Amino acid sequence: MRFDIKFSNDEGKAVEFTTGRSSLWRAQDATQNFPNNPAKNARLTFAWGFFAARNAGKLAELGIDDPNMPVEDAIELLADTWDLNIDEAGAQAPLADTQSKSQ
């Protein structure tokens, strides 16, 4: 499974690339001890974007010069600077129901 990542800002700049699941797994590991509050899901999304951008070699384009920046600092920088959209790559239509009823 692949995902299309798009960071964009108010100046019309966009940084786009495709990533796999491993960046999501790293993000989940990195945010597991974050406070369980309404911001946790947004932080997870930006952590996913950070790890995906790091894997794709896009951090400098996003304003992160240090790839070893602490994840919490990186996601705050990204969240304050960029909008982030993550979609399943190539998803044109909803996935078929895998639990068909037998007749």
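Let's start with Phe50, which has a relative accessibility of 1% in this predicted model. Buried means under 20% relative accessible area, so Phe50 counts as buried. Phe51 is also classed as buried, at 6% relative accessibility.

How are the rings of Phe50 and Phe51 arranged? A pair of aromatic rings is described by the distance of the centres and the angle of the planes. For Phe50 and Phe51, the centres are 5.1 Å apart and the planes meet at 70 degrees. Planes over 60 degrees apart count as edge-to-face, so that is the name for this pair.

How many aromatic pairs does the whole structure hold? A search finds three. One of them joins Phe7 and Trp82, with ring centres 6.4 Å apart and planes at 75 degrees, so this pair is edge-to-face. To find the two partners, look for Phe7 in strand β1 (residues 3-8) and for Trp82 in the loop between α3 and β3 (83-88). Phe7 and Trp82 are both buried.

Now let's turn to charged side chains. Side chains of opposite charge can pair when their charged atoms come close. The structure has two salt bridges. In one of them, Glu72 pairs with Arg43, and their closest N and O atoms are 3.7 Å apart.

Glu61 has a relative accessibility of 37%, so it counts as partly exposed. Lys58, at 21%, is likewise partly exposed.

Finally, visit Lys40 in helix α2 (residues 40-56). Lys40 is buried, yet it has no salt bridge. What does the side chain of Lys40 reach instead? It comes to 3.3 Å from the backbone oxygen of Gln32. Setting aside neighbours within four places in sequence, Lys40 is in contact with Thr31, Gln32, Phe34 and Pro35.

Technical notes
Residues numbered from 1 in each chain as written. Predicted model: local features only at pLDDT ≥ 70, side-chain atom pairs only at ≥ 80, totals over all residues. Heavy atoms only, no water. Helix = DSSP H or I, 4+ residues; strand = E, 2+ residues; numbered from the N terminus. Buried < 20%, exposed > 50% of the residue type's maximum accessible area, 1.4 Å probe, protein only. Lys, Arg positive; Asp, Glu negative; His and termini not counted. Salt bridge = Lys/Arg side-chain N within 4 Å of Asp/Glu carboxyl O. Polar contact = N/O pair within 3.5 Å; in protein donor to acceptor, adjacent residues only side chain to side chain. Contact = heavy atoms within 4.5 Å. Phe/Tyr/Trp six-rings, centres within 6.5 Å; stacked < 30°, edge-to-face > 60°.
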